[in-house]
Amino acid sequence: MNAVVIAVIVMLALSLLRVHVVLSLTIGAFVGGLLAGMPLADVMADDKVVQEGIITVFQTGLSGGAKIALSYAMLGAFAMAITHSGLPQQLAGAVVRKLNRSESDAGKLKWGLLLLILAMGVMSQNVVPIHIAFIPMIIPPLLLVFNRLKVDRRLIACVITFGLVTTYMFLPYGFGAIFLNEILLGNIEKAGLNVKHINVMQAMAIPTLGMVVGLLLAFVRFRKPRVYQSREIDLADNQSAADTPAPSSYRSLVAAVAIAVCFVIQLVYKDALLLGAMVGFAVFMTLGVVKRHDANDVFGEGIKMMAMVGFIMIAAQGFAAVMQATGHIRPLVDGSMQMFGGSKGMAALAMLLVGLLVTMGIGSSFSTLPIITAIYVPLCISLGFSPLATVAIVGTAGALGDAGSPASDSTLGPTMGLNADGQHDHIRDSVIPTFIHYNIPLTIAGWIAAMVL
């Protein structure tokens, strides 16, 4: 069998057996390289390297993920500085205090809360790039209110996941800049397709509409009241947020300035996410919100929060480098061409489903792209897909499975907040609802994009 296919199967099998993803990617890369006949170490002749070994190729490939991982780490530090400023906690407290005093119509209150959470999910990926860090601060204090309104928590999980996933796969700012510009377009260009004149938002617009359809269906399906018990921890979290002291005007102003600076730098300079996050963190330090004696701890905690994803991204780049070096991608593409009989529709569907499988196993869309791009781009070119359609196929195949994967931040985050009182099951109430409502519409929308672009 093809060494690339075996390597991917080994990596997925190990991931599903709960072997750590970084180790699974490394083992898969070495298995694929050995099956392709690559030597483990460099082959030398007359003091010259005549054939690079798997170790060298893998380590060289790792460097391709360094920039991405550093950007992620810097964003983590910036996110922790925002948290340190107290702004998210103050926002949670202000919302809870207002809701506790509110006597407004229950229906309006429910929809207002859901829209607020949706907005927070969207902004957590770009404007205030704190990723899932907002969930444990915002959601547990609101559970008491949701219990009184009898809101189905599966709907809240779908709303949060929509904000986390759809934002990065469509808007090229914050985490979206990493996913769309650095990983998606960067790896496609590395695989041999010129992406200089491609509008990535145009390519991902139809898949994004698929996510919107999934969200609307979730609103319909989970509209009926669902009863939860208001437990002691719900009352305690609500009271704790309500008792949060009034925000410091100065700290809030500094946080707003730092966030604005980070976002403006991304607008002015292309691929400047790293610079934006770094300058934003510097604003917190310069203006005294993050004290010098606290800076190391805040920075370290932020890096720790994002380190795991960064290491997975780096390992995925090493895996992709070995797959390209095997020389088995071309035979795989040719074999796929014969299997699909030149049918673009069947090929697009197969690529999307494989992307879904890979992301479900790894748990990270960001790490799926380097693995599948090396195979998909030559196949798309051979089948005659346009560059725009190729970007849509690869981007959608990468995003598929993030919603609905048990190991994904996009499902673990909502569960972390909604299960604060032990009444929200991770698999039944987060994984299955998000899988059904997003992966099915996204697969259909991605296939349509491949056919019409």
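Predicted model: local features only at pLDDT ≥ 70, side-chain atom pairs only at ≥ 80, totals over all residues.
Axes here are lines fitted to C-alpha atoms, for helices over the stretch in contact, and the angles between them run from 0 to 180 degrees between N-to-C directions.

Helix 2 and helix 15, the latter spanning residues 292-326, pack with their axes 9 Å apart and at an angle of about 10 degrees. Since angles under 35 degrees count as roughly parallel, helix 2 is therefore roughly parallel to helix 15. On the helix 2 side, the residues that meet helix 15 are Val21, Val22, Leu25, Gly28, Ala29, Gly32 and Gly33. Their counterparts in helix 15 are Phe311, Ile312, Ala315, Ala316, Phe319, Val322, Met323 and Thr326. Sorted by class, the residues of this contact divide into 11 nonpolar and four polar, with no charged residue.

Helix 2 (residues 21-35) also packs against helix 1 (residues 3-16), and here the axes come within 8 Å and cross at roughly 155 degrees. Angles over 145 degrees count as roughly antiparallel, so helix 1 and helix 2 are roughly antiparallel to each other. Their crossing is right-handed. Helix 1 contributes Ala3, Ile6, Ala7, Val10, Met11, Leu14 and Ser15 to the contact, while helix 2 contributes Val21, Ser24, Leu25, Ile27, Gly28, Val31, Gly32 and Leu35. By class, the contact of helix 1 with helix 2 holds 11 nonpolar residues, four polar ones and no charged ones. A reader tracing helix 2 in the structure will find Val21, Leu25, Gly28 and Gly32 listed in the contact with helix 1 and also in the contact with helix 15.

The axes of helix 7 and helix 20 (residues 409-418) come within 7 Å and cross at roughly 40 degrees, which makes helix 7 oblique to helix 20. Helix 7 passes helix 20 in a right-handed crossing. In helix 7 the residues involved are Ile135, Pro136, Ile139, Pro140 and Leu143, and they meet Gly413, Pro414, Met416, Gly417 and Leu418 of helix 20. The class count for the contact of helix 7 with helix 20 is eight nonpolar, two polar and no charged residues.

Lys150 is found in the loop between helix 7 (135-149) and helix 8 (153-168). Most residues other than glycine have a negative phi. Lys150, although not a glycine, has a positive phi of about 60 degrees. With a relative accessibility of 40%, Lys150 counts as partly exposed. Thr166 has a relative accessibility of 7% and counts as buried. Leaving aside neighbours within four places in sequence, Thr166 is in contact with Thr161, Thr208 and Met211.

Thr373 lies in helix 18 (residues 365-383), and its relative accessible area is 1%, so Thr373 is buried. Apart from residues up to four places away in sequence, Thr373 touches Asn187, Ile188, Ala191, Pro378 and Val394. Tyr376 also has its place in helix 18. The relative accessible area of Tyr376 is 4%, and this residue is therefore buried. Beyond neighbours within four places in sequence, Tyr376 is in contact with Ala350, Met351, Val354, Gly355, Val394 and Ala397. Tyr376 and Ile329 are 47 residues apart in sequence, with a C-alpha to C-alpha separation of 9.3 Å in space.

The chain as a whole gives these details their setting. Its secondary structure comes to 21 helices and two strands. The C-alpha atoms fill a box of roughly 75 × 50 × 40 Å, taken along the principal axes. A compact globule of 453 residues would have a radius of gyration near 22 Å, and the 23 Å of the chain agrees with this. Buried residues make up 55% of the 453 residues. Finally, among contacts between residues at least 6 apart in sequence, 81% join residues at least 24 apart.

Note on methods. Residues numbered from 1 in each chain as written. Heavy atoms only, no water. Helix = DSSP H or I, 4+ residues; strand = E, 2+ residues; numbered from the N terminus. Parallel < 35°, antiparallel > 145°, perpendicular 65-115°, else oblique. Left-handed = near helix turned anticlockwise from the far one by under 90°. Contact = heavy atoms within 4.5 Å. Nonpolar A, V, L, I, M, F, W, Y, C, P; charged D, E, K, R; others polar. Rg over C-alpha atoms; globule rule 2.2 N^0.38 Å. Buried < 20%, exposed > 50% of the residue type's maximum accessible area, 1.4 Å probe, protein only.
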